[in-house]
Each structure stands twice: as structure tokens, then as C-alpha cells.
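Hi,

Here is the structure for you to look at. My notes on its aromatic rings follow below.

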Amino acid sequence: MKLSKMLLGVAAGVALMASPALSADAVKIGMVTTLSTGAGYLGQDVRDGFMLAVEEEGGKLGGVPVEVLVEDDGRKPGTGKQLAERFMKRDGAEILTGIIFSNVAGAVVPSVLREDKIYVSPNAGPSLFAGKKCNQNYFVASWQNDTLHEAAGAYAKQLGYKKAFILAPNYPAGRDALAGFKREFGGEIVGEVYTKLGQADYSAELAQIRDAKPEMVFDFLPGGMGINFLKQYDQGGFKDTTPLVVAAPSMDAKIMAAVGDAAVGVRSASHWNHDLDNAANKKFLAGFNAKYNRVPTVYASQGYDTAKLIASALKAVNGDVSDKEGLRKALKKADFESVRGKFKFAQNNHPINDWYSRIVEKQADGTLVNKTVGVVLKDHMDVYAKDCSM
Amino acid sequence: MILFLEQMLNGLQLGVTLFLLAGGLTLIFGIMGVINLAHGSLYMIGAYVAATVSMASGSFFLGLLAALAAAAIVGMVMEFLVMRKLYARDHLDQVLATFGLILFFNEATVMIWGRNPVAMDVPEMLQGLVEIIPGVPYPVFRLVVLAVGLLVAVSLYFLISKTRIGMLIRAGATHREMVGALGVDIRLLYTLVFGFGALLAGLAGVMAGPTSSIEAGMGESILILTFVVIVIGGIGSIRGALVGAIFVGLVDTLGRAFLPNMLKLFLPPAQADGIGAGVSSMAIYLLMALVLIWRPKGLFPAHD
């Protein structure tokens with residue numbers, strides 16, 4: 001009785017909030033992202049990078065007024081799906097974006113495509129939607145998951161390593177990661193471990209690494225997981241004996257700041273870095289620093305690029321989001337200045353990226369910096385693109 | 001064999017950390033009959049305060065003291081303002097209210113410390129490695145965590161079973177009115193017990209700080225493990241919490257370490273990895289189910 005009364009009250013409240021307050025002219029963009037849990041800063045940076053681009057134009061993208069609706073999915077696929085439905089059905093969002101985690105994308109993307117809305121990913125690029133299941137309404141502005149780790153694998157190979165121990169969380173992007181690393185590494189894998197998503201303690205895995213005696217370790221542990229792993233890796237005395245070669249998500253600016261000296265010497269592969277020398281990147285860094293007064297992570301760069309990509313499409317259709325064909329064509333053309341220097345889509349609407357090798361160095365003033373040292377893969381396309389018939 | 005011993009040690013260490021959380025949670029439930037989902041938030045507060053104070057002052061022990069005080073005070077304030085109104089209510093109401101507290105504390109930490117993870121170093125005198133068995137260096141700090149956890153377990157046992165305050169706590173749990181009639185201030189006793197449980201959660205947070213990333217929401221993932229611990233151990237029983245915590249710590253760690261390899265003995269490697277990863281993350285819930293089939297009230301039920 002009590003419970004049913006309460007539910008009634010909640011339902012009434014939701015109904016009240018649902019009464020449409022649509023401002024007629026602004027294009028609604030729904031952003032489902034991860035703002036809580038140990039990966040909360042990933043979503044925060046995607047959002048802040050995106051909003052920086054919106055602010056640069058004074059509330060517009062491509063000259064078209066936009067309203068960005070942001071909600072936290074809490075890394076839960078179910079929550080993400082509900083939010084996306086709400087953005088589309090209640091708020092009338094025609095364009096959705098924001099998802100960090102591939103398992104959330106797995107739940108949200110199909111329902112967005114079913115409604116014939118546009119989805120532009122600022123981060124997650126699971127293999128699931130990159131091959132046969134590619135879709136004309138689905139664009140990824142960051143990378144296809146595997147390619148991040150293919151780049152790390154190629155980097156490890158370049159460095160001459162032959163025996164690797166690899167680990168990643170047991171979820172779609174984790175499986176893509178290990179598959180990607182192995183594809184380019186080519187050497188022997190002396191241990192392959194799937195951890196729990198959100199795991200805090202890695203003592204069991206570290207003992208396995210010690211036992212397996214690899215030459216190097218590759219991990220894909222984004223956000224708080226990566227911080228935990230790195231701290232414990234350092235405390236376990238591994239840093240001096242067994243170097244790490246990872247992809248960008250396992251060594252971003254936040255992880256570096258949180259683990260301190262434990263990060264020095266860690267090598268990573270990335271499609272973007274703060275020291276890439278191009279005008280768009282300089283503008284982005286200066287703008288981000290001025291607005292938020294902190295160092296942007298790779299996620300912020302992806303959020304910014306995503307907004308610029310959407311801006312180029314909105315401009316092409318003059319803000320008429322009902323012109324789906326026009327939007328799709330303009331998005332595919334990707335006529336914008338990317339902070340990574342250049343930007344081009346493969347046939348499956350995933351970018352063809354250059355991948356850079358980096359190493360963490362300590363500067364004279366004691367701060368850490370990810371320094372670009374070379375190019376690992378040039379114009380690298382993901383392996384699923386060939387299965388996509390668009 | 002050496003690997004197995006090392007993994008046992010890792011499991012024990014996770015176990016005692018879980019015990020610090022489960023001990024307080026089960027004490028609060030056993031004595032006051034109230035379910036506190038926000039117990040993980042006290043763990044988070046412990047970690048945040050320890051990191052902030054120890055980094056600002058340069059002294060780990062100052063950080064430790066500040067964190068214990070903060071967790072205990074927040075716990076007592078929470079009891080006084082919120083929990084007190086819930087003792088007579090349904091468990092569902094308690095779950096709802098304390099879930100609200102989780103959201104409140106998470107949002108408050110984001111407002112105070114921001115969304116970026118906070119860093120905390122291992123105190124200098126506890127840095128480094130010792131060789132526990134030839135060929136196996138083990139971080140000193142982890143051994144200290146293990147020792148502190150065991151020390152707390154033993155002291156708690158003496159406190160509850162051998163002292164006057166322990167007697168009052170045990171009596172207050174079963175014969176509330178009688179103890180009240182004997183002139184003991186039950187309300188004060190409850191507040192103190194709650195504060196003490198909060199202090200233990202804060203201690204767990206301090207010890208997790210140097211090894212893990214301190215971030216909003218860090219209490220929830222460990223809270224789930226903690227609930228599994230007290231269900232296995234028997235709700236309300238300190239002894240149960242200790243045994244349950246050690247069980248869960250060992251099963252979780254050993255499962256992660258050995259299950260995929262064991263499956264590889266009779267399955268193709270790719271399949272074994274997939275199934276092994278899945279089963280090892282379910283291992284503690286399987287353990288819980290087995291224990292509950294065997295003993296529906298847990299291993300050491302507090303009130304028979």
C-alpha cells in the first residue's frame with residue numbers, strides 16, 4: 001500500500017517534468033555519458049571538451065543554436081538506454097552522443113538507430129558495430145576499440161619485445177583490446193587475464209605476472225582501474241623489471257597525475273597528444289585551459305572533435321535536422337579541423353587515424369608529461385571496415 | 001606452490017580489509033537492526049580525508065587520525081540526524097533512506113574534491129618490499145594492512161565478549177527495554193556503536209587509499225562484497241563477519257588467479273579464458289549460494 005502510493009507520487013512527478021518545454025529553434029543534442037564511478041572523469045572531460053566547442057561559438061555549433069542535454073549513465077547499460085529513450089521521445093533530440101563504455105553503447109546504440117536518429121560517439125567504438133552491423137546513422141569520432149590496442153601492440157613490437165603478459169576487464173572493449181594488441185604484437189603471450197570491470201585490487205594478477213616472467217606488460221584499464229593497477233604495479237616493484245606498453249586510455253593526464261612517479265617511463269600509443277603541432281590543437285588547449293583551468297585528457301580532445309564534427313554537419317544542413325540524408329552526407333565528409341591534425345572516415349564511419357608513440361617523462365619542475373616520440377601506425381584503418389557494406 | 005602461497009596472502013589481505021567494513025556493518029545491524037547502505041560512504045570519507053590531510057601535512061599518521069575522527073563524527077551525526085528516525089521503520093524504508101545518503105555523500109565529495117581522483121602515497125617508512133619467501137618480494141604496506149586487520153579482529157573480539165561495554169552492546173541487542181530499565185542510556189549507546197562502526201569503515205578507507213584510486217563512488221563496489229560477507233557469516237555476528245570476510249577474500253582472489261588456468265586443463269584456451277573470467281567474477285556469489293543452502297542463516301547466526 002505504502003509502496004504503491006509512493007510509486008504513484010513518483011509517476012506523477014515524472015509526468016510533470018515531462019511536460020515539453022521545447023524552445024523551437026535550438027537543436028537538441030542528447031549526451032549520455034559516465035559522470036559517476038571511478039570513470040566519472042572520462043565523461044566529465046568528454047562533456048567539457050564538447051561544451052568548449054559550443055561555447056566558442058556562443059551556444060552554437062556550425063552557426064546553429066544548440067541545446068546540449070547531459071545525463072549520467074553510471075556505467076550501467078540499462079540506465080544509458082532509459083536516458084537515450086527519454087532524450088529522443090521526451091526532448092526530441094535528433095542527435096545523440098557521449099557514451100564512454102562499450103557495454104553501455106551496446107545497449108543504447110541499437111535503440112537510437114531504431115528511431116532513425118543520428119549517433120556520434122566521442123569514445124566507445126566496439127567491434128560489434130564496426131563490421132557487418134555498421135549503420136549509416138552511426139559515426140565514431142574517436143577510434144574503433146581494437147585500433148587503440150593494435151597501435152600499442154605495434155609499438156611493443158617496434159621496441160623489440162617478444163614475450164608479453166596482457167590483461168583487460170571482462171567486457172566488450174576489454175575483449176577488443178586484447179584481440180587488437182595480439183593482432184599487431186606478433187610475439188608470444190605468456191599470460192592473458194580478464195579482470196572484473198571496476199576492480200580495485202590487482203594483487204592476484206600481479207602475482208601471476210611475477211610467475212609468468214614476461215618481458216613487458218600490456219594493460220587496458222581506463223579510469224580509476226588504471227590508477228589502482230599502476231600504483232600497485234609500482235608498489236610491487238615491477239616498474240624497474242617489467243616495462244609497461246599501453247594504449248592511451250591506460251595512461252591519460254589524470255592517471256599520470258594521480259600515480260605520480262609510478263608513471264615515469266610508461267610507454268603508450270595514442271591518436272592525440274597535447275604536443276601535436278597543429279592550429280586546432282593549440283586553440284583547443286588554450287581554450288580548455290582558460291575555461292576549466294586544468295590539463296585536458298585525451299577524452300576532452302575527443303569530446304571537442306565530436307562537437308566540431310557535429311558542427312560541420314549542422315552547418316551543411318543549415319540546422320535542419322529533419323534532413324537526415326544531408327546530415328549523414330555532411331558527417332561522412334567530416335569537413336572540420338581536428339585536434340589530431342587530420343580526420344577521415346573509413347567506409348564504416350570509423351576514423352582512419354595516425355597513431356603516435358609516447359613516453360612519460362619528468363620535467364625539470366617535477367611535473368609529468370606524455371612526450372610524443374614517433375609514429376607507430378600511419379593512416380591506420382580498423383580490420384572490421386572491410387566487412388561493412390556501406 | 002610459491003604462487004599459491006602468495007595468492008593466499010593476497011586473499012587474506014583482501015579478507016581483513018573486508019572485515020573492517022563488515023565488522024562495523026554487522027555490529028550496527030545486529031544491535032540496532034538497521035540496514036545501512038551508506039556504510040561504503042564512510043569508507044570513502046576515510047580515504048578522502050586521509051589523502052587530503054596526509055598530503056597537506058606530510059604525515060601519514062596525522063592523516064590517519066583525521067580520517068578516523070572524520071568517519072566517526074560523520075557516522076555519529078548520521079545516526080543522530082537520520083538513522084535514529086529509522087529504527088522503528090521497515091527495512092525497505094531504511095534501504096531507501098540510506099541509498100539516498102549514498103547519493104548525497106557521492107555528490108558532496110564531487111563538490112568538495114571534484115571528479116578527479118585524489119592521490120595518496122604509501123607512508124615513507126612503509127614503502128618497499130620484503131622477501132616473504134625466497135623469490136617472492138611482497139610490499140611492506142600490504143603486510144601492515146594484514147596485521148592491522150588481524151589486530152582489529154582480535155581487539156573487537158575482546159571488546160565484545162570480555163568488557164562491560166561489550167556486555168551492554170550484546171544485551172542491548174536482545175533485551176533493549178531491560179537494559180534501558182537498568183539505567184543505561186540506550187540512545188547514547190547506539191550512537192557510540194554507530195560511530196565505532198563508522199570508524200572501522202574509515203580505517204578500511206585509510207588503508208585502501210595508498211593502493212587504490214580515491215574517487216567518488218569508491219564505496220559502492222566494496223559494499224557489495226561486504227554484504228556478501230555478512231550474509232555468509234550470519235547477519236549480526238562479528239565472528240561470522242571475520243570468517244566470512246576471509247572466505248570471500250580467498251575465494252575471490254584464488255578464483256581470479258587459478259580458475260581460468262584450471263579450466264584450460266580440459267577446455268580450449270579461448271573458451272577457458274572466457275568462461276574462467278565469467279565464473280571467477282561470480283565465484284563469491286556461488287559461495288554465498290552454497291553457504292545459504294547449507295545454512296540458511298549464515299555460518300554463525302547471531303540470534304538463534
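A residue counts as buried under 20% relative accessible area, as exposed over 50%, and as partly exposed in between. Keep in mind that this is a predicted model.

By that cut-off Phe60(B) is buried, because its relative accessible area is 13%.

Now the ring pairs. There are 21 aromatic pairs over all chains. Take Phe288(A) and Tyr292(A): the ring centres are 4.7 Å apart and the planes meet at 50 degrees, so this pair is tilted. Both residues sit in helix H10 of chain A, which covers residues 279-292. They are 4 residues apart there, so about one helical turn separates them. Phe288(A) is buried, at a relative accessible area of 0%.

Compare Phe60(B) and Phe61(B). Their ring centres are 5.6 Å apart. Their planes stand at 80 degrees, and planes over 60 degrees apart count as edge-to-face, so that is the label for this pair.

The chain A pair also belongs to a cluster. Ring pairs link Phe288(A) and Tyr292(A) with Trp272(A), Phe284(A) and Tyr304(A).

Two arginines lie over ring faces:

- Arg75(A) is over the face of Phe101(A), 5.6 Å from the ring centre.
- Arg295(B) is over the face of Trp294(B), 4.9 Å from the ring centre.

Best wishes

Definitions and conventions
Residues numbered from 1 in each chain as written. Chains lettered and ligands numbered in written order. Predicted model: local features only at pLDDT ≥ 70, side-chain atom pairs only at ≥ 80, totals over all residues. Heavy atoms only, no water. Phe/Tyr/Trp six-rings, centres within 6.5 Å; stacked < 30°, edge-to-face > 60°. Helix = DSSP H or I, 4+ residues; strand = E, 2+ residues; numbered from the N terminus. Buried < 20%, exposed > 50% of the residue type's maximum accessible area, 1.4 Å probe, protein only. Lys NZ or Arg CZ within 6 Å of the ring centre and 35° of its normal.
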